[in-house]
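Come along and check each entry against the picture.

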Amino acid sequence: MKFLTFIAILVLIWTIGLFAFADRVRGFTPAPEPARADAIVALTGPSAERVNAAIRLLEQDKGRRVLISGVNREVRRQELRALTPGSNRLFNCCVDLGFEAEDTVGNAQEIAAWADAKGYDSLIVVTSDYHMPRALTEIRAAAPGVELTPYAVETPSLDNSRWWKAAVTARRMTLEYMKYLAALARATVGAGRPDTAEAPANAPAEEAA
């Protein structure tokens, strides 16, 4: 009986967390006007609107450069540029493409390396509303010293407050919530590890992977 009560409490906590997560997702849009940052990063996804939104922010001088992270290796620069008409000049001067990331963890690592190489301390993060909590968690873990400003792209199907009544939206929100919990767990474990930078100066250096 105690075991069943324990399971029931866990399910209740999980469910409350899911609806709190959904409220947070829906609160990201419409995205407010962001303050200017050092640069802008867009995480690629199923819609070209993420890239479009990042380029619009660049046109508004909200950052010096844009990184489009997670670009398919088979996509050519001119093909991606065609998704944002009128932005040829900006693409030529101020847009970098990242081809290494294959998931959100990879996006975070790619973004962190790019920001470090450029010396950027603040970034506007562009991705879909449902993906934003996980993206911010992963990027903060990979680049803890960088200030992040979310700029979410709306997913119309999730705008309905009764998202849980439709199988498609309920599945998407629940799956993203589970991925977000996993990201939080990774970030918590990572934060608890000793900083390798504090190793003794005479310790042998490891070879790069």
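**Ground rules**

I am working with a predicted model, where local features need pLDDT of at least 70, side-chain atom pairs count only at pLDDT 80 or more, and totals for chains, interfaces and linings use all residues. Residues are numbered from 1 along each chain as its sequence is written, and side-chain values use heavy atoms, with hydrogens and water left out.

**Entry 1: salt bridges**

I looked up the salt bridges, each being a side-chain nitrogen of Lys or Arg within 4 Å of a carboxyl oxygen of Asp or Glu. The count by this rule is 9 salt bridges.

I began with Asp38 and Arg64, whose closest N and O atoms are 3.1 Å apart in a salt bridge. Asp38 sits in the loop between helix 1 (2-27) and strand 1 (39-43), and Arg64 in the loop between helix 2 (49-59) and strand 2 (66-69), so this pair ties together parts that are 26 residues apart in sequence.

Asp38 is buried at 17%, while Arg64 is partly exposed at 45%.

Next I found Glu100 and Arg73, whose side chains meet in a salt bridge at 3.1 Å, N to O. Glu100 is in the loop between strand 3 (95-98) and helix 5 (104-118), and Arg73 is in the loop between strand 2 and helix 3 (77-81), so to speak distant parts of the chain, 27 residues apart. Glu100 is exposed, with a relative accessible area of 57%, and Arg73 is exposed at 57% as well.

Then I turned to Glu176 and Arg134, a salt bridge with its closest N and O atoms 2.6 Å apart. This pair links helix 7 (residues 167-191), which holds Glu176, to helix 6 (residues 132-142), which holds Arg134, across 42 residues. Glu176 is buried at 4% relative accessibility, and Arg134 is buried at 11%.

I also noted a network of salt bridges that links Arg65, Asp96 and Lys118.

**Entry 2: helix 6 and its neighbours**

I stayed with helix 6, which is mostly covered, with 8 of its 11 residues buried. Among the buried ones are Met132, Leu136 and Ile139. Which elements do the buried residues of helix 6 pack against? I found helix 1, strand 1, helix 5, strand 4 (122-128), strand 5 (147-153) and helix 7.

The axes of helix 6 and helix 7 come within 9 Å and cross at roughly 15°. I took axes as lines fitted to C-alpha atoms, for helices over the stretch in contact, with angles from 0 to 180 degrees between N-to-C directions. Helix 6 is therefore roughly parallel to helix 7 (under 35 degrees is roughly parallel, over 145 roughly antiparallel, 65 to 115 roughly perpendicular, and the rest oblique).

The residues that make this contact (heavy atoms within 4.5 Å) include Arg134 and Glu138 of helix 6 and Glu176 and Lys179 of helix 7. They divide into 6 nonpolar, 1 polar and 5 charged. In this sorting, Ala, Val, Leu, Ile, Met, Phe, Trp, Tyr, Cys and Pro count as nonpolar, Asp, Glu, Lys and Arg as charged, and the others, Gly among them, as polar.

**Entry 3: helix 1 on helix 7**

How do helix 1 and helix 7 pack? Their angle is about 100°, and their axes are 10 Å apart. Helix 1 is thus roughly perpendicular to helix 7. Trp14 and Phe21 of helix 1 are among the residues in contact, as are Met173 and Tyr177 of helix 7. This contact has 10 nonpolar, 2 polar and 2 charged residues.

**Entry 4: two buried residues**

I ended with Val51 in helix 2, which is buried at 5%. Leaving out residues up to four places away in sequence, Val51 touches Ile68, Leu80 and Thr84.

Thr169, in helix 7, is buried at 7%. With the sequence neighbours up to four places away left out, Thr169 touches Ser157, Leu158 and Trp163.

Conventions:
Helix = DSSP H or I, 4+ residues; strand = E, 2+ residues; numbered from the N terminus. Buried < 20%, exposed > 50% of the residue type's maximum accessible area, 1.4 Å probe, protein only.
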